[in-house]
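Here are my notes for your next look at the model. Keep the sequence and the 3D view open side by side as you read.

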Amino acid sequence: MLLTITTTHQPATDLGYLLHKHPDRVQKFKLAFGKAHVFYPEATAERCTAALLMEINPVDLVRGRKRQDFALKQYVNDRPYVASSFLSVAIAQVLGTALNGRCKDRPLLVKTPIPLEVTLAAVPCQTGEKLLYDLFEPLGYRVKTARMTLDERFPEWGNSHIYQLTLAQTITLAELLTHLYVLIPVLDNEKHYYVGDHEVDKLLTKGEGWLKEHPLREVIIRRYLKYQRSLQRLAVERLTADDPPADNEVEAQDQEEAMLEWPLSLHQQRLAAVFQVLKDDGAQRVLDLGCGEGQLLQRLLKEPHFQKIVGVDVSTLSLERAAQRLHLDRLSERQRQRIQLIQGSLTYRDARLKGYDAAAVVEVIEHLEPERLAAFERALFEFARPNLIVLTTPNREYNAVWETLPAGTLRHRDHRFEWTRAEFEAWTADVGTRFGYEVTIKPVGPVEDQLGAPSQMAVFRLGEG
Ligand code: SAH
(Lines give C-alpha, C1' and ligand atoms only; values in the text may rest on other atoms or scores of the structure.)
Protein backbone atom coordinates (compact mmCIF):
# COMPACT_ATOMS: atom_id res chain seq x y z
CA MET A 1 0.00 0.00 0.00
CA LEU A 2 1.50 3.28 -1.06
CA LEU A 3 0.32 6.80 -0.41
CA THR A 4 2.27 9.77 -1.72
CA ILE A 5 1.76 13.43 -0.92
CA THR A 6 3.37 16.06 -3.13
CA THR A 7 3.57 19.80 -2.77
CA THR A 8 4.96 22.57 -4.92
CA HIS A 9 4.53 25.15 -2.22
CA GLN A 10 7.93 26.76 -1.74
CA PRO A 11 10.14 25.83 -0.09
CA ALA A 12 8.58 22.47 -0.82
CA THR A 13 10.72 20.68 1.75
CA ASP A 14 8.63 22.41 4.42
CA LEU A 15 6.39 19.41 3.89
CA GLY A 16 8.84 17.66 6.19
CA TYR A 17 7.95 20.07 9.01
CA LEU A 18 4.26 19.64 8.40
CA LEU A 19 4.53 15.88 8.50
CA HIS A 20 7.04 15.86 11.33
CA LYS A 21 9.22 13.59 9.25
CA HIS A 22 12.61 14.74 8.05
CA PRO A 23 12.98 14.60 4.24
CA ASP A 24 16.49 13.16 4.49
CA ARG A 25 15.56 10.15 6.52
CA VAL A 26 13.74 6.91 5.91
CA GLN A 27 11.70 6.10 8.97
CA LYS A 28 10.08 2.89 10.00
CA PHE A 29 7.12 2.42 12.35
CA LYS A 30 5.78 -0.75 13.83
CA LEU A 31 2.01 -1.05 13.84
CA ALA A 32 -0.24 -3.78 15.17
CA PHE A 33 -0.81 -5.20 11.70
CA GLY A 34 2.54 -4.66 10.03
CA LYS A 35 5.07 -1.93 9.32
CA ALA A 36 4.89 1.57 7.89
CA HIS A 37 7.74 3.40 6.23
CA VAL A 38 7.92 7.11 5.55
CA PHE A 39 10.39 8.45 3.03
CA TYR A 40 10.74 11.15 0.41
CA PRO A 41 11.22 10.02 -3.20
CA GLU A 42 11.88 13.68 -4.10
CA ALA A 43 12.78 16.62 -1.90
CA THR A 44 13.80 19.82 -3.60
CA ALA A 45 12.86 23.40 -2.85
CA GLU A 46 10.49 23.33 -5.86
CA ARG A 47 8.80 20.03 -5.33
CA CYS A 48 8.69 17.58 -2.49
CA THR A 49 6.97 14.21 -2.24
CA ALA A 50 6.50 12.20 0.91
CA ALA A 51 5.56 8.53 0.71
CA LEU A 52 3.85 6.36 3.27
CA LEU A 53 4.40 2.72 2.45
CA MET A 54 2.63 0.08 4.41
CA GLU A 55 3.62 -3.51 4.69
CA ILE A 56 0.73 -5.47 6.04
CA ASN A 57 1.24 -9.01 7.12
CA PRO A 58 -1.85 -10.93 5.97
CA VAL A 59 -0.93 -13.92 8.10
CA ASP A 60 -0.83 -11.83 11.26
CA LEU A 61 -4.21 -10.44 10.39
CA VAL A 62 -6.00 -13.73 10.49
CA ARG A 63 -4.05 -15.35 13.24
CA GLY A 64 -4.77 -15.40 16.92
CA ARG A 65 -5.54 -12.30 18.83
CA LYS A 66 -5.26 -9.88 15.97
CA ARG A 67 -8.02 -11.60 14.10
CA GLN A 68 -10.80 -10.33 16.32
CA ASP A 69 -13.70 -9.23 14.17
CA PHE A 70 -11.78 -9.31 10.95
CA ALA A 71 -13.92 -10.71 8.22
CA LEU A 72 -11.33 -11.82 5.69
CA LYS A 73 -10.63 -15.23 6.96
CA GLN A 74 -8.36 -16.48 4.22
CA TYR A 75 -4.67 -16.02 4.20
CA VAL A 76 -4.94 -14.77 0.66
CA ASN A 77 -6.54 -11.38 0.71
CA ASP A 78 -6.18 -7.94 -0.72
CA ARG A 79 -5.21 -6.21 2.51
CA PRO A 80 -1.52 -5.75 1.78
CA TYR A 81 -2.16 -4.00 -1.51
CA VAL A 82 -5.18 -1.79 -1.26
CA ALA A 83 -5.90 1.35 0.69
CA SER A 84 -7.96 -0.04 3.49
CA SER A 85 -8.96 1.11 6.91
CA PHE A 86 -5.44 0.11 7.98
CA LEU A 87 -4.27 3.17 6.13
CA SER A 88 -6.44 5.35 8.34
CA VAL A 89 -4.91 3.77 11.39
CA ALA A 90 -1.45 4.39 9.95
CA ILE A 91 -2.31 8.02 9.18
CA ALA A 92 -3.50 8.48 12.76
CA GLN A 93 -0.50 6.77 14.29
CA VAL A 94 2.35 7.75 12.01
CA LEU A 95 1.13 11.16 10.86
CA GLY A 96 -1.03 11.99 13.89
CA THR A 97 0.51 15.39 14.56
CA ALA A 98 -0.13 16.49 10.99
CA LEU A 99 -3.62 14.99 11.02
CA ASN A 100 -4.42 17.05 14.07
CA GLY A 101 -3.04 20.20 12.48
CA ARG A 102 -0.16 20.76 14.88
CA CYS A 103 3.27 22.02 13.84
CA LYS A 104 5.31 24.00 16.28
CA ASP A 105 8.05 24.77 13.76
CA ARG A 106 5.73 26.18 11.11
CA PRO A 107 2.67 27.38 13.05
CA LEU A 108 1.47 29.60 10.22
CA LEU A 109 2.06 27.14 7.43
CA VAL A 110 -0.02 24.50 9.15
CA LYS A 111 -3.05 26.75 8.75
CA THR A 112 -2.23 27.82 5.21
CA PRO A 113 -3.78 26.09 2.22
CA ILE A 114 -0.94 24.90 -0.02
CA PRO A 115 -1.01 23.03 -3.33
CA LEU A 116 -1.13 19.36 -2.48
CA GLU A 117 -1.49 16.28 -4.60
CA VAL A 118 -2.02 12.89 -3.12
CA THR A 119 -1.90 9.56 -4.92
CA LEU A 120 -3.20 6.31 -3.53
CA ALA A 121 -1.72 3.45 -5.49
CA ALA A 122 -4.68 1.13 -5.06
CA VAL A 123 -8.14 1.98 -3.82
CA PRO A 124 -10.87 -0.66 -3.83
CA CYS A 125 -14.22 0.59 -5.07
CA GLN A 126 -16.69 -2.16 -5.84
CA THR A 127 -19.42 0.12 -7.10
CA GLY A 128 -17.26 1.79 -9.72
CA GLU A 129 -15.29 4.99 -9.96
CA LYS A 130 -18.27 7.33 -9.83
CA LEU A 131 -18.27 7.05 -6.07
CA LEU A 132 -14.66 8.22 -5.97
CA TYR A 133 -15.63 11.41 -7.80
CA ASP A 134 -18.81 11.86 -5.80
CA LEU A 135 -16.93 11.60 -2.54
CA PHE A 136 -13.95 13.82 -3.29
CA GLU A 137 -15.16 16.42 -5.81
CA PRO A 138 -17.61 18.09 -3.41
CA LEU A 139 -14.64 18.64 -1.10
CA GLY A 140 -12.94 20.63 -3.84
CA TYR A 141 -10.51 18.03 -5.18
CA ARG A 142 -9.56 17.53 -8.79
CA VAL A 143 -9.96 13.79 -9.05
CA LYS A 144 -8.18 11.42 -11.40
CA THR A 145 -8.68 7.69 -11.46
CA ALA A 146 -7.05 4.85 -13.37
CA ARG A 147 -8.63 1.46 -13.22
CA MET A 148 -6.33 -1.50 -12.77
CA THR A 149 -6.57 -4.56 -14.94
CA LEU A 150 -6.70 -7.79 -13.00
CA ASP A 151 -3.42 -8.88 -14.45
CA GLU A 152 -1.44 -6.91 -17.02
CA ARG A 153 -0.28 -10.11 -18.68
CA PHE A 154 -3.83 -11.24 -19.27
CA PRO A 155 -5.87 -8.23 -20.40
CA GLU A 156 -8.69 -10.56 -21.41
CA TRP A 157 -9.36 -11.16 -17.71
CA GLY A 158 -10.75 -7.66 -17.66
CA ASN A 159 -10.65 -4.95 -15.06
CA SER A 160 -10.45 -5.17 -11.32
CA HIS A 161 -12.41 -3.07 -8.87
CA ILE A 162 -9.19 -1.37 -7.87
CA TYR A 163 -8.26 2.14 -8.90
CA GLN A 164 -5.30 4.38 -8.65
CA LEU A 165 -6.64 7.61 -7.24
CA THR A 166 -5.10 11.05 -7.46
CA LEU A 167 -6.53 14.04 -5.64
CA ALA A 168 -5.27 17.58 -6.01
CA GLN A 169 -6.25 20.76 -4.29
CA THR A 170 -4.88 23.82 -2.54
CA ILE A 171 -5.76 22.94 0.99
CA THR A 172 -4.17 22.54 4.42
CA LEU A 173 -2.41 19.26 4.98
CA ALA A 174 -4.50 18.56 8.08
CA GLU A 175 -7.75 18.91 6.14
CA LEU A 176 -6.47 16.64 3.41
CA LEU A 177 -5.41 13.95 5.87
CA THR A 178 -8.72 14.26 7.66
CA HIS A 179 -10.62 13.64 4.44
CA LEU A 180 -8.52 10.57 3.72
CA TYR A 181 -8.86 9.35 7.28
CA VAL A 182 -12.65 9.28 7.02
CA LEU A 183 -13.18 8.43 3.37
CA ILE A 184 -10.75 5.55 2.92
CA PRO A 185 -12.67 3.32 5.34
CA VAL A 186 -15.83 4.46 3.57
CA LEU A 187 -14.50 2.91 0.38
CA ASP A 188 -13.30 -0.19 2.15
CA ASN A 189 -15.87 -2.82 2.85
CA GLU A 190 -13.75 -4.88 5.17
CA LYS A 191 -13.16 -2.57 8.06
CA HIS A 192 -10.88 -4.43 10.36
CA TYR A 193 -11.73 -2.96 13.70
CA TYR A 194 -14.87 -3.23 15.66
CA VAL A 195 -17.28 -0.45 14.97
CA GLY A 196 -18.54 0.86 18.29
CA ASP A 197 -19.65 4.06 19.96
CA HIS A 198 -16.27 5.71 19.82
CA GLU A 199 -16.39 5.41 16.04
CA VAL A 200 -19.23 7.91 16.03
CA ASP A 201 -17.05 10.33 17.99
CA LYS A 202 -14.16 9.82 15.61
CA LEU A 203 -16.34 10.35 12.58
CA LEU A 204 -17.89 13.52 13.94
CA THR A 205 -14.60 14.97 15.15
CA LYS A 206 -12.85 14.26 11.88
CA GLY A 207 -15.90 15.26 9.88
CA GLU A 208 -16.13 18.65 11.55
CA GLY A 209 -16.56 21.46 9.09
CA TRP A 210 -17.25 19.33 6.01
CA LEU A 211 -19.29 16.21 6.65
CA LYS A 212 -22.50 17.99 7.48
CA GLU A 213 -22.59 19.78 4.13
CA HIS A 214 -21.35 16.84 2.07
CA PRO A 215 -24.00 15.72 -0.47
CA LEU A 216 -23.16 12.08 0.27
CA ARG A 217 -23.31 12.61 4.00
CA GLU A 218 -25.64 9.69 4.61
CA VAL A 219 -23.64 7.32 2.44
CA ILE A 220 -20.48 8.31 4.27
CA ILE A 221 -22.05 7.81 7.68
CA ARG A 222 -23.63 4.54 6.66
CA ARG A 223 -20.49 3.05 5.26
CA TYR A 224 -18.14 4.44 7.87
CA LEU A 225 -20.28 2.97 10.58
CA LYS A 226 -20.50 -0.25 8.64
CA TYR A 227 -24.23 -0.33 8.17
CA GLN A 228 -25.00 -0.24 11.88
CA ARG A 229 -28.26 1.60 12.01
CA SER A 230 -28.30 2.55 15.66
CA LEU A 231 -24.89 4.19 15.35
CA GLN A 232 -25.80 5.82 12.06
CA ARG A 233 -28.86 7.33 13.61
CA LEU A 234 -26.81 8.57 16.54
CA ALA A 235 -24.30 10.15 14.17
CA VAL A 236 -26.95 11.89 12.11
CA GLU A 237 -28.71 13.10 15.24
CA ARG A 238 -25.53 14.54 16.66
CA LEU A 239 -24.45 16.02 13.36
CA THR A 240 -27.75 17.79 12.85
CA ALA A 241 -28.46 18.61 16.48
CA ASP A 242 -28.83 22.32 15.70
CA ASP A 243 -30.83 21.83 12.51
CA PRO A 244 -34.59 22.10 12.30
CA PRO A 245 -36.02 18.60 12.69
CA ALA A 246 -36.00 16.47 9.57
CA ASP A 247 -37.71 13.15 9.56
CA ASN A 248 -35.59 10.05 9.83
CA GLU A 249 -32.96 10.86 7.33
CA VAL A 250 -31.12 7.62 7.54
CA GLU A 251 -34.25 5.53 7.22
CA ALA A 252 -35.32 7.62 4.28
CA GLN A 253 -32.22 6.48 2.46
CA ASP A 254 -32.79 3.88 -0.11
CA GLN A 255 -31.98 0.56 1.44
CA GLU A 256 -30.76 -0.94 -1.76
CA GLU A 257 -27.15 -0.17 -1.32
CA ALA A 258 -26.92 -1.77 2.08
CA MET A 259 -28.49 -4.89 0.67
CA LEU A 260 -26.67 -5.12 -2.61
CA GLU A 261 -23.21 -4.09 -1.70
CA TRP A 262 -21.27 -6.00 0.82
CA PRO A 263 -23.84 -6.00 3.50
CA LEU A 264 -22.89 -6.85 6.97
CA SER A 265 -24.70 -10.13 7.21
CA LEU A 266 -28.11 -9.89 8.75
CA HIS A 267 -26.92 -12.02 11.60
CA GLN A 268 -24.05 -9.66 12.32
CA GLN A 269 -26.45 -6.73 12.32
CA ARG A 270 -28.71 -8.55 14.68
CA LEU A 271 -25.90 -9.40 17.07
CA ALA A 272 -24.65 -5.83 16.91
CA ALA A 273 -28.13 -4.50 17.68
CA VAL A 274 -28.59 -6.83 20.65
CA PHE A 275 -25.09 -6.11 21.92
CA GLN A 276 -25.76 -2.38 21.76
CA VAL A 277 -28.97 -2.62 23.77
CA LEU A 278 -27.23 -4.66 26.46
CA LYS A 279 -24.33 -2.28 26.57
CA ASP A 280 -26.40 0.89 26.57
CA ASP A 281 -28.46 -0.51 29.39
CA GLY A 282 -25.40 -0.84 31.59
CA ALA A 283 -26.16 -4.49 32.35
CA GLN A 284 -23.14 -6.20 33.93
CA ARG A 285 -24.35 -9.76 34.45
CA VAL A 286 -25.86 -11.15 31.28
CA LEU A 287 -27.31 -14.39 29.99
CA ASP A 288 -27.27 -15.49 26.38
CA LEU A 289 -30.09 -17.99 26.17
CA GLY A 290 -29.84 -20.35 23.21
CA CYS A 291 -26.31 -19.06 22.70
CA GLY A 292 -25.58 -21.52 19.88
CA GLU A 293 -21.96 -21.34 18.82
CA GLY A 294 -21.27 -18.29 20.90
CA GLN A 295 -21.08 -15.39 18.48
CA LEU A 296 -22.78 -12.99 20.85
CA LEU A 297 -20.79 -14.34 23.79
CA GLN A 298 -17.65 -13.54 21.88
CA ARG A 299 -18.68 -9.93 21.47
CA LEU A 300 -19.73 -9.65 25.08
CA LEU A 301 -16.44 -11.05 26.29
CA LYS A 302 -14.53 -8.36 24.44
CA GLU A 303 -16.36 -5.63 26.31
CA PRO A 304 -14.90 -5.44 29.82
CA HIS A 305 -18.02 -3.76 31.11
CA PHE A 306 -19.80 -7.14 31.17
CA GLN A 307 -18.61 -8.79 34.35
CA LYS A 308 -20.41 -12.09 34.17
CA ILE A 309 -21.50 -13.70 30.93
CA VAL A 310 -23.37 -16.98 30.80
CA GLY A 311 -24.27 -18.88 27.65
CA VAL A 312 -27.03 -21.47 27.80
CA ASP A 313 -27.94 -23.96 25.12
CA VAL A 314 -29.66 -27.29 24.89
CA SER A 315 -27.16 -28.56 22.35
CA THR A 316 -23.86 -29.82 23.75
CA LEU A 317 -22.37 -29.76 20.27
CA SER A 318 -23.14 -26.03 19.99
CA LEU A 319 -21.64 -25.45 23.43
CA GLU A 320 -18.47 -27.27 22.44
CA ARG A 321 -18.17 -25.09 19.38
CA ALA A 322 -18.79 -22.02 21.51
CA ALA A 323 -16.03 -23.11 23.88
CA GLN A 324 -13.68 -23.40 20.91
CA ARG A 325 -14.69 -20.05 19.47
CA LEU A 326 -14.10 -18.41 22.83
CA HIS A 327 -10.81 -20.27 23.39
CA LEU A 328 -11.98 -21.10 26.88
CA ASP A 329 -8.96 -23.31 27.44
CA ARG A 330 -6.59 -20.46 26.74
CA LEU A 331 -8.23 -17.61 28.61
CA SER A 332 -6.52 -15.97 31.52
CA GLU A 333 -7.90 -16.83 34.92
CA ARG A 334 -9.60 -13.46 35.19
CA GLN A 335 -11.30 -13.77 31.79
CA ARG A 336 -12.23 -17.35 32.53
CA GLN A 337 -14.07 -16.17 35.64
CA ARG A 338 -16.23 -13.90 33.53
CA ILE A 339 -17.68 -16.54 31.27
CA GLN A 340 -19.57 -19.75 31.78
CA LEU A 341 -21.37 -22.15 29.46
CA ILE A 342 -24.34 -24.10 30.75
CA GLN A 343 -26.25 -26.90 29.12
CA GLY A 344 -29.93 -26.57 29.76
CA SER A 345 -33.32 -26.15 28.21
CA LEU A 346 -35.09 -22.84 28.24
CA THR A 347 -38.46 -24.43 28.70
CA TYR A 348 -37.59 -25.55 32.26
CA ARG A 349 -37.20 -23.26 35.22
CA ASP A 350 -33.56 -23.20 36.21
CA ALA A 351 -32.19 -21.70 39.43
CA ARG A 352 -28.81 -21.17 37.76
CA LEU A 353 -30.33 -18.44 35.64
CA LYS A 354 -31.52 -16.27 38.50
CA GLY A 355 -29.91 -13.01 39.57
CA TYR A 356 -28.83 -11.63 36.18
CA ASP A 357 -29.31 -8.08 34.92
CA ALA A 358 -30.16 -9.01 31.38
CA ALA A 359 -30.85 -11.88 29.00
CA ALA A 360 -30.47 -12.11 25.24
CA VAL A 361 -32.61 -14.62 23.34
CA VAL A 362 -31.43 -14.29 19.77
CA GLU A 363 -33.26 -16.29 17.09
CA VAL A 364 -34.29 -18.98 19.52
CA ILE A 365 -38.02 -18.91 20.19
CA GLU A 366 -38.87 -19.97 16.65
CA HIS A 367 -37.04 -23.23 17.42
CA LEU A 368 -39.42 -24.03 20.27
CA GLU A 369 -42.57 -26.05 19.79
CA PRO A 370 -45.45 -23.57 20.00
CA GLU A 371 -46.98 -25.57 22.83
CA ARG A 372 -43.72 -25.21 24.82
CA LEU A 373 -43.74 -21.44 24.49
CA ALA A 374 -45.81 -20.96 27.64
CA ALA A 375 -43.25 -22.97 29.65
CA PHE A 376 -40.44 -20.83 28.18
CA GLU A 377 -42.31 -17.65 29.10
CA ARG A 378 -42.64 -18.71 32.73
CA ALA A 379 -39.07 -19.99 33.00
CA LEU A 380 -37.67 -16.71 31.72
CA PHE A 381 -40.10 -13.94 32.62
CA GLU A 382 -41.33 -15.36 35.90
CA PHE A 383 -38.46 -17.39 37.39
CA ALA A 384 -35.19 -16.12 35.96
CA ARG A 385 -36.71 -12.63 35.74
CA PRO A 386 -33.83 -10.40 34.65
CA ASN A 387 -34.47 -6.65 34.42
CA LEU A 388 -33.89 -6.57 30.70
CA ILE A 389 -34.68 -9.13 28.03
CA VAL A 390 -33.65 -8.62 24.42
CA LEU A 391 -35.29 -11.12 22.12
CA THR A 392 -35.18 -11.44 18.35
CA THR A 393 -37.07 -13.58 15.88
CA PRO A 394 -37.55 -13.52 12.09
CA ASN A 395 -40.29 -11.41 10.53
CA ARG A 396 -42.12 -13.82 8.24
CA GLU A 397 -43.52 -11.07 6.04
CA TYR A 398 -40.02 -10.22 4.90
CA ASN A 399 -39.50 -13.68 3.41
CA ALA A 400 -41.24 -12.41 0.27
CA VAL A 401 -38.14 -10.31 -0.46
CA TRP A 402 -35.99 -13.38 -0.88
CA GLU A 403 -36.81 -14.65 -4.31
CA THR A 404 -35.07 -17.91 -3.63
CA LEU A 405 -37.42 -18.73 -0.79
CA PRO A 406 -40.58 -20.40 -2.11
CA ALA A 407 -43.73 -18.62 -0.92
CA GLY A 408 -44.91 -19.75 2.47
CA THR A 409 -41.63 -21.50 3.36
CA LEU A 410 -39.81 -20.79 6.60
CA ARG A 411 -36.19 -19.72 6.57
CA HIS A 412 -34.75 -22.65 8.38
CA ARG A 413 -35.94 -26.21 8.51
CA ASP A 414 -35.69 -26.27 12.29
CA HIS A 415 -38.01 -23.28 12.63
CA ARG A 416 -41.31 -24.35 14.13
CA PHE A 417 -42.97 -21.05 13.33
CA GLU A 418 -42.18 -17.58 12.07
CA TRP A 419 -44.26 -14.62 13.08
CA THR A 420 -45.48 -11.59 11.21
CA ARG A 421 -44.87 -8.24 12.82
CA ALA A 422 -48.43 -8.17 14.12
CA GLU A 423 -48.12 -11.64 15.63
CA PHE A 424 -44.85 -10.75 17.32
CA GLU A 425 -46.29 -7.52 18.64
CA ALA A 426 -49.33 -9.31 20.03
CA TRP A 427 -47.17 -11.94 21.74
CA THR A 428 -44.75 -9.42 23.24
CA ALA A 429 -47.59 -7.21 24.48
CA ASP A 430 -49.30 -10.18 26.08
CA VAL A 431 -46.13 -11.44 27.77
CA GLY A 432 -45.26 -7.91 28.86
CA THR A 433 -48.64 -7.42 30.51
CA ARG A 434 -48.73 -10.80 32.17
CA PHE A 435 -45.25 -10.60 33.67
CA GLY A 436 -44.94 -6.87 34.24
CA TYR A 437 -42.44 -5.88 31.55
CA GLU A 438 -42.56 -2.84 29.31
CA VAL A 439 -41.90 -3.66 25.67
CA THR A 440 -40.46 -1.82 22.72
CA ILE A 441 -40.02 -3.43 19.32
CA LYS A 442 -37.34 -2.48 16.84
CA PRO A 443 -36.71 -3.69 13.29
CA VAL A 444 -33.32 -5.21 12.56
CA GLY A 445 -31.91 -5.01 9.05
CA PRO A 446 -33.11 -2.97 6.09
CA VAL A 447 -36.76 -1.92 6.36
CA GLU A 448 -39.00 -2.52 3.34
CA ASP A 449 -42.09 -0.32 2.98
CA GLN A 450 -44.77 -2.96 3.15
CA LEU A 451 -42.88 -5.83 4.70
CA GLY A 452 -40.82 -4.39 7.49
CA ALA A 453 -37.31 -5.60 8.32
CA PRO A 454 -36.02 -9.18 8.08
CA SER A 455 -35.67 -9.54 11.82
CA GLN A 456 -37.58 -8.09 14.73
CA MET A 457 -36.22 -7.31 18.16
CA ALA A 458 -38.23 -6.84 21.34
CA VAL A 459 -36.71 -5.11 24.34
CA PHE A 460 -38.50 -5.98 27.58
CA ARG A 461 -37.83 -3.95 30.71
CA LEU A 462 -39.10 -4.99 34.08
CA GLY A 463 -41.61 -2.38 35.24
CA GLU A 464 -41.26 -0.56 38.56
CA GLY A 465 -42.62 -2.27 41.63
N1 SAH B 1 -28.48 -17.30 19.59
C2 SAH B 1 -27.59 -17.95 18.66
C3 SAH B 1 -28.12 -19.26 18.10
C4 SAH B 1 -29.46 -19.24 17.44
S5 SAH B 1 -29.91 -20.82 16.80
C6 SAH B 1 -27.26 -17.00 17.54
O7 SAH B 1 -27.98 -16.05 17.34
O8 SAH B 1 -26.26 -17.21 16.88
C9 SAH B 1 -30.99 -21.40 18.02
C10 SAH B 1 -30.29 -22.02 19.21
O11 SAH B 1 -31.28 -22.30 20.19
C12 SAH B 1 -29.61 -23.33 18.88
O13 SAH B 1 -28.28 -23.28 19.33
C14 SAH B 1 -30.42 -24.35 19.65
O15 SAH B 1 -29.62 -25.42 20.14
C16 SAH B 1 -30.97 -23.52 20.77
N17 SAH B 1 -32.18 -24.06 21.38
C18 SAH B 1 -33.27 -24.54 20.73
N19 SAH B 1 -34.18 -24.97 21.61
C20 SAH B 1 -33.65 -24.75 22.84
C21 SAH B 1 -34.12 -24.99 24.17
N22 SAH B 1 -35.30 -25.51 24.41
N23 SAH B 1 -33.32 -24.64 25.18
C24 SAH B 1 -32.09 -24.08 24.96
N25 SAH B 1 -31.62 -23.85 23.75
C26 SAH B 1 -32.39 -24.17 22.70
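Predicted model: local features only at pLDDT ≥ 70, side-chain atom pairs only at ≥ 80, totals over all residues.

1. A word on terms first: helices (H or I, at least four residues) and strands (E, at least two) are DSSP runs, numbered from the N terminus. Residues are numbered from 1 along each chain as its sequence is written.

2. Start with the backbone, please. Most residues other than glycine have a negative phi, and most peptide bonds are trans. Q10 and P11 are joined by a cis peptide bond, with omega about 0°, and P11 sits in the loop between strand 1 (2-7) and helix 1 (15-19). H20 has a positive phi, near 60°, and is placed in the loop between helix 1 and strand 2 (27-31). R385 also has a positive phi, near 50°; its loop runs between helix 17 and strand 12 (388-394).

3. How exposed is H20? With a relative accessible area of 34%, H20 is partly exposed. R385, at 34% relative accessibility, counts as partly exposed too. Here buried means under 20% relative accessible area, exposed over 50%, and partly exposed in between (1.4 Å probe, protein chains only).

4. Next, have a look at V123 in strand 5 (residues 114-124). V123 counts as buried because its relative accessibility is 2%. Y163 is 40 residues from V123 in sequence, yet their C-alpha atoms are 5.1 Å apart in space.

5. E377 belongs to helix 17 (residues 373-384) and is buried, given its relative accessible area of 5%. Its side chain makes a polar contact of 2.6 Å with that of R434. A polar contact is a pair of N or O atoms within 3.5 Å; within protein, one must be able to donate a hydrogen and the other to accept it, and residues adjacent in sequence count only if both atoms are side-chain atoms. Beyond its neighbours within four places in sequence, E377 is in contact with E382, W427, V431, R434 and F435, where contact means heavy atoms within 4.5 Å.

6. Which rings pair with F381? The rings of F381 and Y437 have centres 5.3 Å apart and planes at 90°, so this pair is edge-to-face. It links distant parts of the chain, with F381 in helix 17 and Y437 in strand 13 (residues 437-444), 56 residues apart. F381 and F460 form another edge-to-face pair, 4.9 Å centre to centre with 75° between the planes. Both F381 and F460 are buried. Rings of Phe, Tyr and Trp (its six-membered ring) pair if their centres lie within 6.5 Å; planes under 30 degrees apart count as stacked, over 60 as edge-to-face and the rest as tilted. F381, F417, W419, F424, W427, F435, Y437 and F460 form one aromatic cluster.

7. Finally, the ligand. Of the 16 residues around the ligand, H267, G290, D313, L346 and V362 come nearest; a residue is near a molecule or strand if one of its heavy atoms lies within 4 Å of it. A side-chain N or O atom of H267 is 3.0 Å from an oxygen atom of the ligand. A nitrogen atom of the ligand lies 3.3 Å from a backbone N or O atom of V314, and a polar side-chain atom of S345 is 3.2 Å from a nitrogen atom of the ligand.

Methods:
Heavy atoms only, no water.
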